[in-house]
2 protein chains.
Amino acid sequence: MPINELRKDYILDRWVVIAPQRRRRPSDFTENLEERKEKAICPFCPGNEYLTPPASLVYLVKDGELKKDDDKNGLRHKNWVVRCIPNLYPAFMPPNSDNALNPQFNHIYVSREALGYHEVLIESPNHDEHPSTARITQLIYVINALRDRFSFLITRDYVKYVSIFRNYGASAGASLSHAHAQIIAMPIVPKILWEENAVSKKYYEENGRCVFCDIISVEIKSKRFIWNNDGFVIFAPWASINPFEFWIFPKRHQSSILELTEDEV
Amino acid sequence: MPINELRKDYILDRWVVIAPQRRRRPSDFTENLEERKEKAICPFCPGNEYLTPPASLVYLVKDGELKKDDDKNGLRHKNWVVRCIPNLYPAFMPPNSDNALNPQFNHIYVSREALGYHEVLIESPNHDEHPSTARITQLIYVINALRDRFSFLITRDYVKYVSIFRNYGASAGASLSHAHAQIIAMPIVPKILWEENAVSKKYYEENGRCVFCDIISVEIKSKRFIWNNDGFVIFAPWASINPFEFWIFPKRHQSSILELTEDEV
């Protein structure tokens, strides 16, 4: 039986057990099949735009040219290639005059209003055009639309952090199967980022080098290496949290997707 | 629409969004039904003891008296009321002469052997006797057996922390549906406990009071209060991570289940 390992994350004080045999555990549960209810109306499919809030951004292609707009005056744009809408069930919301939560700073109860934005980026008019099978042109629309929303949201004065993520499948928490990503703009920076920041600064002071550059230089030659082009390196991290986890690192120093060049997109 | 809140944990720098409307999200996935494969043989059911490794502890009741033993010399005890066995697919294992992992302390790769124990506590001979429906006498056996294993494991010199947990249902990660808990003895103390420890020490220095006592004194009167007897208080925490999360706090200062009195069990 192979030896299990405890692996520490590159920079965080976070340990992971690598226990290869555990995947062979027996199971007496039946397989969960994720079947889409065929009869359900998908609110993200073309023709159903009125089932969702007005779009904050739509990409339209007319005569081979890309146009950007939003939904206003009761109108819903049709024939979009990418569409971004407010999440109907948001975790974060912009302030409005009807609501005002008194911040609580009791020594035990600390709370504040969850100010921010929670948007859904519908990645394609085609229900099943998920990234792994999507056309390259469509992926470029998606990345550019994410950048457009990112650059808008990050300039709001109560937004400190913008997170882009994607739940695929019911077991990952997705409630609709149409290809979509989520964008959350929040008023706090997650603690893990402060920690990453502090540790990478300390690393630079002690070694005179960027910790991420050092990780790239090692992983590009390791057995965890996956792929590599002029701009990016892809590898499986040393201390994965999830099965099949991989990281995409830019080779240039970049702190957000706003710094991507057109070529890199 | 109610206002969402960001809530900070009592003592940790960890924030949670409370967004009540999100439970109303629509879904086009069919319900996942967790059906046990009726034909599968359960290795935890009485009669199948030879399908598992020898028990490290069995509770036997003979003529109304409790006897404790383990499996040895190829024997497997029958007629047990509680049975504890090594996990066949352990995350942590005791050292053995065949294995030796050279600790790596490269500035990027840090790793060490996952020394420790990973055991399964079979809570009842009855397949479905989960805690919510179990007989009280059976629950007392379970708690005492957990204490017995805890007190043995914590004295191993490479064990720094013992974790008792329970996955219920396939979606929570359980691979077998027979009522069971897991015990993991590991060579590191999770970072979150260091943090809790540091913050509660600081709280004591600043306020002259125990932070957990202060939490109890507030939550026992709050709308999150659930239940209360001479020994314990049960409440839903201010900043829950999971739906239906609740905490059971002892009223006396206790740092582990070893400090429980017989009455409290």
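In helix α3 (residues 211–219) of chain A, five residues are listed as buried: Val211(A), Asp214(A), Ile215(A), Ile216(A) and Glu219(A). The model is predicted. Cover for the buried residues of α3(A) includes α2 (191–207), β11 (225–228), β12 (232–235) and β13 of chain A.

## A nonpolar surface patch

Strand β13 of chain A spans residues 247–250 and contains Ile248(A). Ile248(A) also belongs to a nonpolar surface patch of about 440 Å².

## Cysteines

The structure has zero disulfides over all chains. A disulfide needs two cysteine sulfurs within 2.5 Å. The sulfur of Cys42(A) has its closest cysteine sulfur in Cys45(A), 3.9 Å away, so the gap is too far for a bond. Cys42(A) is buried, at 8% relative accessible area.

Cys210(A) gives a second case. Its sulfur lies 3.7 Å from the closest cysteine sulfur, that of Cys213(A), again too far for a bond. Cys210(A) counts as buried, at 18% relative accessibility.

## Aromatic pairs

Over all chains there are 16 aromatic pairs. One of them joins Tyr117(A) and Phe152(A) edge-to-face, with 6.3 Å between centres and 75° between planes. Tyr117(A) sits in strand β8 (residues 117–122) and Phe152(A) in helix α1 (residues 136–153), both of chain A, so the pair ties together parts 35 residues apart in sequence. Tyr117(A) is buried at 16%; Phe152(A) is partly exposed at 31%.

In chain B, the rings of Trp247(B) and Phe249(B) are stacked because their centres are 5.8 Å apart and their planes meet at 15°. Trp247(B) is partly exposed, while Phe249(B) is buried. In chain A, ring pairs link Phe212(A), Phe235(A), Trp247(A) and Phe249(A) into a cluster.

Methods: Residues numbered from 1 in each chain as written. Chains lettered and ligands numbered in written order. Predicted model: local features only at pLDDT ≥ 70, side-chain atom pairs only at ≥ 80, totals over all residues. Heavy atoms only, no water. Patch = residues over 30% accessible without salt bridge, like charges linked within 9 Å, V, L, I, M, F, W, Y side chains within 5 Å. Areas by Shrake-Rupley, 256 points an atom, 1.4 Å probe, with all protein chains shown as cover. Salt bridge = Lys/Arg side-chain N within 4 Å of Asp/Glu carboxyl O. Helix = DSSP H or I, 4+ residues; strand = E, 2+ residues; numbered from the N terminus. Buried < 20%, exposed > 50% of the residue type's maximum accessible area, 1.4 Å probe, protein only. Contact = heavy atoms within 4.5 Å. Phe/Tyr/Trp six-rings, centres within 6.5 Å; stacked < 30°, edge-to-face > 60°.
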